[in-house]
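Hi there,

Here is the structure I promised to send over. Please have a look at it first, and then read my notes below.

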Amino acid sequence: MDERTFLTAEWRNLVMLNYEVEPALLSNFIPAGTELARWEGKPFASLVGFRFLNTKVCGIPIPFHRNFEEVNLRFYVRRTFGDEVRRGVVFIKEIVPRWAIAAVARSVYNERYVALPMDHQVKQSKSGTFVEYGWRSSIGWSRINISAEGSPQLPAEGSQEEFITEH
């Protein structure tokens, strides 16, 4: 591990819902020097849930903070640097289950992390996989889930799925 690496982890059981969004809704979040990235002229946002597994901070596993859920709301930007177009992700909100994780992420990465009670389910069967993430706020429980069949595949070149995953 590089001595400058702050965080390492595996991302597992990814759930990602993508949807077109009105650009005006994102305008207050677009960092200076960037612009909305668009697929076929349309900006997209994503609601993403996943498991952080085997997490280490500066190469050290922190007890009770190695494996946890995260759900985030994000959108995609780009920046032209000379002849190169660089892709980026802007996080509107990131939810994790432990206050220490949220506090460190806010202070180190200056991201919009909050700590809320969370849960997850992963069920695999012969017919497919079911994955769900939940979080409880002042209005009650919210959930994101998917059911998938078949084998995972790489997205088709030029597809909306490729646009999202390349960011």
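**Aromatic pairs**

There are six aromatic pairs in the structure, where rings of Phe, Tyr and Trp (its six-membered ring) pair if their centres lie within 6.5 Å, and planes under 30 degrees apart count as stacked, over 60 as edge-to-face and the rest as tilted. One of them is stacked, because the ring centres of Trp11 and Phe50 are 4.2 Å apart and their planes meet at 25 degrees. This pair links distant parts of the chain, with Trp11 in strand E1 (residues 7-20) and Phe50 in strand E3 (residues 44-57), 39 residues apart. Helices (H or I, at least four residues) and strands (E, at least two) are DSSP runs, numbered from the N terminus.

Before I go on, a word on the source: this is a predicted model, in which local features need pLDDT of at least 70, side-chain atom pairs count only at pLDDT 80 or more, and totals for chains, interfaces and linings use all residues. Residues are numbered from 1 along each chain as its sequence is written, and side-chain values use heavy atoms, with hydrogens and water left out.

The cut-offs are under 20% relative accessible area for buried, over 50% for exposed and in between for partly exposed (1.4 Å probe, protein chains only). Trp39 and Phe44 form an edge-to-face pair, 6.3 Å centre to centre with 65 degrees between the planes. Trp39 is buried at 19% relative accessibility, and Phe44 is buried at 7%. Ring pairs also join Trp11, Phe50, Phe52 and Phe68 into a cluster.

**Salt bridges**

The count comes to six salt bridges, each being a side-chain nitrogen of Lys or Arg within 4 Å of a carboxyl oxygen of Asp or Glu. One of them joins Glu35 and Arg78 at 2.9 Å, N to O. Glu35 lies in strand E2 (residues 35-36) and Arg78 in strand E4, so this bridge ties together parts 43 residues apart in sequence. Glu35 is partly exposed at 41%, and Arg78 is partly exposed at 31%.

Glu10 and Arg12 form another salt bridge, at 3.2 Å, N to O. Arg86 meets Glu84 in a bridge of 3.5 Å, N to O, and the charged end of Arg86 also sits over the ring of Phe81, 4.1 Å from its centre. For that, NZ of Lys or CZ of Arg must be within 6 Å of the ring centre and within 35 degrees of the ring normal. Finally, Asp119, Glu132 and Arg143 are linked in a network of salt bridges.

Glu70 is found in strand E4 (residues 68-81), and its side chain makes a polar contact of 3.2 Å with that of Tyr113. A polar contact is a pair of N or O atoms within 3.5 Å; within protein, one must be able to donate a hydrogen and the other to accept it, and residues adjacent in sequence count only if both atoms are side-chain atoms.

Best wishes
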